[in-house]
Amino acid sequence: MKIPFNPEYFSDELKPCISGVNVSLEYDNVSSALVQAATVIQDLIGEDKYMALMDKYEPGNIHADETLGYMQRAMIHMAISDQLIFLITRIGNDGVTVKKNEDETTIFKYQQDQLEEKLITTTWFWMDRLITAINLPQEDGVSVTLADFTRYVGISSPYFLHKAKWIIREVYEDLILPRYQSKEGFLSKYREKVARAIAYNVVKIACQRLPYADLPDTIRREVINEHQGKNTPAVADVLKKVAEQYQERASKYILDIDSVYLTYGVEQSERKVIHIRSEYNPNDKFCVS
């Protein structure tokens, strides 16, 4: 697979793309991770757009094309994030060890955690820039937009919208359509209510199914905040708690849509008015009159 880095010029290409990396890092140490990162990016933006950017690549010239530069930066951060544990450790006949000599020592746990988070955050930054620069279109039939996610759940990353498109499709096709499509015009008239419910359901499922590195900053920040104290819960436990919070809101919004849907398209004269009792009546099982 073609990637926008060359073994011969790797140190020159590396320096402008990522901070803090020793230029002695050899291409072969991260080549497999670069191929994996390139595959992820190509799958996301499409082979045509990926190859169009690769056509602009000039070995050793990091300034060949601005958008290509976005892809190179996203790719190297993604690759090193994925390869980090192998860069820290050494695997040999004596087992797994860590590098330590007179000039260098092993990284502290808190430093490793900060480094991992920074690599993920920077990967997201450059992927957002790349997606925006190539004007990657939203998939046809997707029922919510980036503006909806920004408005309702505070997620403004186009990278997340494209990473989670299969979840969006699942929520729309499995939850929304079977529930509300039978009444013509309902989904378009109450689009904002529906979009809000979808956004919360998508984030809930993302917390349950996506890898940590594929979660947006809004969610990762919840994990980081929980890990400030001494007795820190497991990441999976924090994400389960966050998912439950989004589930609670999602259920509330679905019930809100349900209440509107019941009377949609029914003439006022035909509607059966149900009064909710304000006082408990032991003889009224469902508390309605």
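1. The side chains of Asp214 and Lys163 meet in a salt bridge, at 3.5 Å from N to O. A salt bridge here is a side-chain nitrogen of Lys or Arg within 4 Å of a carboxyl oxygen of Asp or Glu. The pair links distant parts of the chain: Asp214 is in the loop between α10 (191–209) and α11, and Lys163 is in helix α7 (residues 158–163), 51 residues apart. Asp214 has a relative accessible area of 17% and is therefore buried. Buried means under 20% relative accessible area, exposed means over 50%, and partly exposed lies in between (1.4 Å probe, protein chains only).

2. A word on the source: this is a predicted model, in which local features need pLDDT of at least 70 and side-chain atom pairs count only at pLDDT 80 or more, while totals for chains, interfaces and linings use all residues. Residues are numbered from 1 along each chain as its sequence is written, and side-chain values use heavy atoms, with hydrogens and water left out.

3. The chain has 12 helices and two strands. Helices (H or I, at least four residues) and strands (E, at least two) are DSSP runs, numbered from the N terminus. In sequence order the pattern is α-α-α-α-β-β-α-α-α-α-α-α-α-α. The chain has 289 residues, and 39% of them count as buried.

4. Leu44 and Lys163 are 119 residues apart in sequence, but their C-alpha atoms are 7.6 Å apart in space. Leu44 belongs to helix α2 (residues 27–45). Its relative accessibility is 12%, so Leu44 counts as buried.

5. How many salt bridges does the structure hold? The count is 12. One of them joins Arg220 to Glu117, with the closest N and O atoms 2.7 Å apart. Arg220 lies in helix α11 (residues 217–226) and Glu117 in helix α5 (residues 109–133), so this pair ties together parts that are 103 residues apart in sequence. Both Arg220 and Glu117 are buried.

6. Another salt bridge is formed by Arg179 and Asp258, whose closest N and O atoms are 2.8 Å apart. Arg179 is in helix α8 (residues 165–180) and Asp258 in helix α12, so the pair ties together parts that are 79 residues apart in sequence. Arg179 counts as partly exposed because its relative accessibility is 36%. Asp258, with a relative accessible area of 18%, is buried. Elsewhere, salt bridges that share partners join Glu117, Asp217, Arg220 and Arg221 into one network.

7. A pair of aromatic rings is described by the distance of the centres and the angle of the planes. Rings of Phe, Tyr and Trp (its six-membered ring) pair if their centres lie within 6.5 Å; planes under 30 degrees apart count as stacked, over 60 as edge-to-face and the rest as tilted. A search of the whole structure finds 15 aromatic pairs. In one of them, Phe108 and Tyr110 have ring centres 6.1 Å apart and planes at 15°, so the pair is stacked. Phe108 has 51% relative accessibility and so counts as exposed.

8. Why is the pair of Phe186 and Tyr264 edge-to-face? The ring centres of Phe186 and Tyr264 are 5.2 Å apart and the planes stand at 75°, so the pair is edge-to-face. This pair links distant parts of the chain: Phe186 is in helix α9 (residues 186–189) and Tyr264 in the segment after α12 (235–263), 78 residues apart. Phe186 counts as buried because its relative accessibility is 0%. Tyr264, at 18% relative accessibility, counts as buried too. Tyr180, Phe186, Tyr190, Tyr261 and Tyr264 form one aromatic cluster.

9. Charged side chains also sit over rings. The criterion is that NZ of Lys or CZ of Arg is within 6 Å of the ring centre and within 35 degrees of the ring normal. Lys183 lies over the face of Tyr261, at 4.7 Å from the ring centre. Arg73 lies over the face of Trp126, at 5.3 Å from the ring centre.

10. Asp148 is in helix α6 (residues 146–153). With a relative accessible area of 8%, Asp148 is buried. Its side chain reaches the backbone nitrogen of Thr145 at 2.9 Å.

Terms used: Polar contact = N/O pair within 3.5 Å; in protein donor to acceptor, adjacent residues only side chain to side chain.
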